[in-house]
Amino acid sequence: MMDIDYSELERYDHQCLDGCGLCCLCQPELDDDELAVFRKAGLEEGLTNYHVQGGQKTDEPTAIKLQGGRGACHFLKDLRCQIHDVRPRPCRQFPVQVHLLRRVQVNANLACPGIFDNTSDRGTMASSGKGGDSLLAFGKETISKIPQDEMEDIFEQAVEIVKEFDEHTLDFEVYQDPGALKDAGTDLINGMKGSDWIARTLAWSNEESIGTDLKNKTFARDVLSHVPEPDILEVANDGNIDLLDQDDLAQIPVFVDDDMKWIALRSRKNIIDVMRMEEDGSLETMHEIPMDSIKLMDWTSDGTEVFQNYARLLNDRDPFMGYVYQVCADQDFQFDLATVYIGTMATTMLDLWWRASLMGMVKGEKSIGQNLAKVGIKSFDMTSLGAPSIGLFI
Ligand code: SF4
Ligand code: SF4
């Protein structure tokens with residue numbers, strides 16, 4: 001019996017915004033049925049065997065081409081989909097993503113500017129107010145359209161993958177119960193009073209504790225009493241240079257700004273280029289920011305609230321847990337899962353902080369308040385949800 005968690009969608013409404021088109025920069029991949037439809041409709045010239053995600057090639061064309069090899073989908077013309085009736089599943093599902101690990105979880109991609117937070121919560125992570133239809137209803141409709149046997153089949157595969165992962169962590173004596181990890185994450189996040197939280201949490205995870213007792217009531221207090229990691233900016237710069245320094249420009253992060261322009265980020269020779277991308281993949285540099293001029297900006301109390309809610313979101317997200325599992329496996333199961341979980345939470349929040357600070361420099365801001373924190377999340381959530389994850393996406 002599959003447990004389906006929709007809780008992330010509950011606070012949001014959604015309306016696709018004219019002039020956006022951001023989701024048409026994500027390369028859609030086709031399943032066998034969709035391929036057959038494309039072939040019958042004579043749309044094969046729009047396909048490629050090169051899959052941007054992971055930079056892989058398949059034996060035959062199974063993904064839609066990007067214009068200029070890195071811009072919008074081949075079938076987007078003047079921000080209109082030319083094949084709307086046969087658009088593939090990822091396009092029909094956006095902005096929700098379906099992830100399978102120990103259960104099915106439906107997530108909201110907060111990079112989409114058409115998501116509105118309908119709560120009165122001050123720490124909202126998307127634009128405030130009602131806009132369009134319930135995202136929860138859309139998520140349920142999305143799940144209802146996935147054939148039951150396909151879902152069960154993929155769920156069985158996910159269960160096998162996570163079982164194998166658990167066995168490895170037990171063999172290497174680094175296992176932690178996922179519920180205990182989330183509870184510890186909640187306690188820790190409740191103690192977030194400002195950006196200092198990241199430097200202290202990172203300092204704790206750098207100690208690589210073994211056999212952490214997550215049930216210890218003083219766990220969060222112990223973590224947050226650590227002397228802050230001093231080289232936090234260097235850690236942030238290094239992580240982001242790796243992410244943004246791509247020879248293949250199809251792999252660089254793109255997001256949509258307040259004016260509905262597509263903004264791409266690239267690093268080269270210690271410079272961050274903030275560029276405007278067009279449908280055909282052409283790029284125009286708007287700002288060149290030397291790496292050594294980047295400063296991590298202070299958070300206001302409103303900004304802290306938004307970041308705290310984003311950390312809560314990560315803590316509840318199964319794709320994030322799957323990402324932590326992937327990091328643990330990539331590190332050959334050498335570190336206690338608690339260390340990996342808390343350390344990955346800290347570096348993910350650090351990357352978001354860095355991204356918001358970069359956008360703050362572009363906008364001439366001095367600190368990160370509520371609005372800039374939301375801009376950071378819009379520019380970052382696609383990267384976060386797209387991170388390699390143990391578990392499967394549909
Ligand atoms: S990202 Fe959201 S608002 Fe933009 S085109 Fe896609 S669904 Fe519409
Ligand atoms: S098929 Fe249509 S909706 Fe999907 S990415 Fe291409 S243009 Fe956008």
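Strand E14 (residues 254–256) pairs with strand E15 (residues 262–268) in the antiparallel sense, over three bridges. Within this pairing, Phe 255 has Ile 263 of E15 as its bridge partner. The two strands form a hairpin, and five residues lie between them. In that turn, Met 260 has a positive phi of about 65 degrees. The model is predicted.

E15 also pairs with strand E16 (residues 271–277), again in the antiparallel sense. Here seven bridges are found. Ala 264 has Met 275 in E16 as its bridge partner. The hairpin of E15 and E16 has two residues between the strands. Lys 269 in this hairpin takes a positive phi near 45 degrees.

## A mixed sheet of four strands

A second topic is the open sheet formed by four strands, in the order E12-E11-E2-E13. Its pairing is mixed. Strand E12 (127–128) and strand E13 (133–134) each have a single partner strand and stand at the edges, so one side of each is left without a neighbour in the sheet.

Strand E2 (residues 12–14) runs antiparallel to E13, and two bridges join them. His 14 stands opposite Asp 133 in E13.

## Surroundings of the two ligands

The shell around ligand 1 includes Cys 16, Cys 20, Cys 23 and Cys 112. Leu 17, Gly 21, Leu 22, Phe 94, Pro 95, Pro 113 and Gly 114 also surround ligand 1. By class, this shell has nine nonpolar residues, two polar and no charged.

Ligand 2 is surrounded by residues that include Cys 24, Cys 73, Cys 81 and Cys 91. Pro 28, Ile 64, Phe 75, Leu 76, Ile 83 and Arg 87 are also in the shell of ligand 2. The classes here are nine nonpolar, no polar and one charged.

## Domains and their contact

The protein divides into domain 1 (4–152), domain 2 (161–228 + 295–393) and domain 3 (235–293). The centres of domain 1 and domain 2, taken over C-alpha atoms, are separated by 26 Å. Their contact takes 17 residues from domain 1 and 23 residues from domain 2.

On the side of domain 1 that touches domain 2, strand E9 (96–100) and strand E10 (104–108) are the elements that give two or more residues. E9 supplies the largest share of that side, four residues. By class, the side of domain 1 that touches domain 2 has eight nonpolar, six polar and three charged residues.

Terms used. Residues numbered from 1 in each chain as written. Chains lettered and ligands numbered in written order. Predicted model: local features only at pLDDT ≥ 70, side-chain atom pairs only at ≥ 80, totals over all residues. Near = placed C-beta within 6 Å. Nonpolar A, V, L, I, M, F, W, Y, C, P; charged D, E, K, R; others polar. Pairing = 2+ DSSP bridges. Domains from an automatic or database assignment. Contact = placed C-beta atoms within 7 Å.
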